[in-house]
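Dear colleague,

Please find below the structure for your records.

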Amino acid sequence: MNLLEQLKRAGAIAKKDLMIYYFRGPVIIQGLLIPAFLFFSFSFKRDVPLDFLLSGLVGMSLFFAVSAITPVIAPWETRMKTFERLVSCPISLWAIIMGDVVASVLFGMFITIFILAACVVILGAQIITLPLLAGIVTGAFCFSSFGTLISVPPTDQPSDIMLIATLIKFPLIFISGVFAPLHDMGAVRFLSYISPLTYFTDLVRHAMLGESSFSPWVSVLVLAGFAVVLYSTAVIWHRKNLGKRF
Amino acid sequence: MNIIQTENLVRDFNSFRAVDHISFQVEKGEIFGLLGPNGAGKTTTIRMLTGVLEPTEGCARIGGYDIQEDPIQAKQMMGIVPEMANAYIDLSAMNNLLLMGELYGISREKRKRRAEELLKAFKLYEKRKQKVKTFSKGMKQRVILGMALMNDAEILFLDEPTGGLDVESTRLIHQMIRQFSREGTTVFLTTHNIEEANILCDRTAIMNYGRIVAIDSPEKLKSAIQSTSSVAVAFRKTVELEALQFKGVSSVEKEGDKYRLYSREVEKVIPKLVHYAEETGNTVISLKTLGPSLEDVFVKLTKGGET
């Protein structure tokens, strides 16, 4: 069975996910609202430039939008008994996971482009750069793979996975330079290097402010590296735990 | 030609052995039933055959492909109705079928045509655009069966295909299974419904505690236990069970308003019953001899169908 055929079948999974899980009112609102609430909470009465905060908002939006649904697809489908049907179809597990990842990438890009468009209006500047576009795609793949990795425990209770996701995602926001520049973060700065969100936020900041801690293309490469490692790890662990789902 | 072949399949869940060294073959075009009580290992077996679970030991070949070595090629030949399976309830019936078509690599035009054919055959065409969550259980099961048939499968795996369904849906699914068989499709089904195995299957394997305890055609399985031939008799007046314990009768049971006498020589029991009725001023209002049923075979081989 050739690779192209498996990728086409992954496309069918992505289409199914988009129809069932993503383009629904509550999901879209959640993708916009959580980053917006965090943005207003941390910008209120703070003497920080608006364009700095907006770059953090874009970073958070992609991160939350992309990693919102991927963690719950596997437990939800295990619970609804549809996962067994997918596994019994002539599609490899890596292609099923790829389909889930692609759906959330498309959704995340939709949300991020919506917010970027708002930023263009607010800042009145040309902020769309080639590294930023490449970063949105690689970042979305990276955060989505991160979401599928969270869903590895073979439970059929989405709430269990949501709890794990919350425990991991929120601390990441605070160590990734979203609300404070990396050089102001002291010792935590070194911790921020292990968070892919750091590189995406830095990339957005470069596009909006023209200044960053890393070269934009270095950030794109690091995000791509994180994406490959997280996706591969997710596939290996899902395969290992597959028998425990049924 | 054997289209399904298993050799010493074993599946352990930690220290529990769910399937214990089972080997069998299924011929092309055959309807093969795996019959057993709950917990016998039927679903675990079907999950190993369909590549959902890896066997702990042994191997299974589907259409010549090893399900472990060539899972995609093996699965491409199958249509599957998993136990307790669900269609995507937030998709329409049509979209569920089209999704399966895409996952089996069927071209756009062909999958649309096939989906329409199946929805018509299963009397769901008028509701094809409705979300499956609005369907009754019987309608959902028909959608699930339709999903399994999208790829014109050579082998159909049906895990408890009529479990909990109404009479109309059960009858429709039985008709479809017979039709697939006539058209040359191999059907492998699991059931705990003895009558379903009896009326549908060319051969049946009886499974208990993870092992196959018997495997043959339903009629041959019945003839193997002639000791359970019996006479069912109804009297006008009630009688004591002990009074019917004639010589040569192994046991007597009351079944509703009838009495069932088990014996190897039922022809000798009948005159005794008539004589007993005359002597006691009673009347025989019905009398019927019964051969062993598949249920008798099942009960005997699984020691009461206990799990």
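**Sheet and helix packing**

In chain B, six strands form an open sheet with mixed pairing, in the order β6-β7-β8-β3-β9-β10; strands are DSSP runs (E, at least two residues), as are helices (H or I, at least four), numbered from the N terminus, and two strands pair if DSSP finds at least two bridges between them. β6 (78–81) and β10 (211–216) of chain B are at the edges with a single partner strand each, so one side of each has no neighbour in the sheet.

The model is predicted: local features need pLDDT of at least 70 and side-chain atom pairs pLDDT 80 or more, whereas totals for chains, interfaces and linings use all residues. Residues are numbered from 1 along each chain as its sequence is written, chains are lettered from A and ligands numbered from 1 in the order written, and side-chain values use heavy atoms, without hydrogens and water.

Within the sheet, β3 (residues 31–35) and β8 (residues 186–191) of chain B pair in the parallel sense over five bridges, and B:Gly33 stands opposite B:Leu189 in β8(B).

Also in chain B, β1 (residues 2–13) and β2 (residues 16–27) pair in the antiparallel sense over eight bridges. B:Ile4 of chain B stands opposite B:Val26 in β2(B). The hairpin of these two strands has two residues between them, and B:Asn14 takes a positive phi near 55 degrees there.

In chain A, helices α3 (residues 50–79) and α7 (residues 158–175) pack at an angle of about 160 degrees, their axes 9 Å apart; axes are lines fitted to C-alpha atoms, for helices over the stretch in contact, and angles run from 0 to 180 degrees between N-to-C directions.

Yours sincerely
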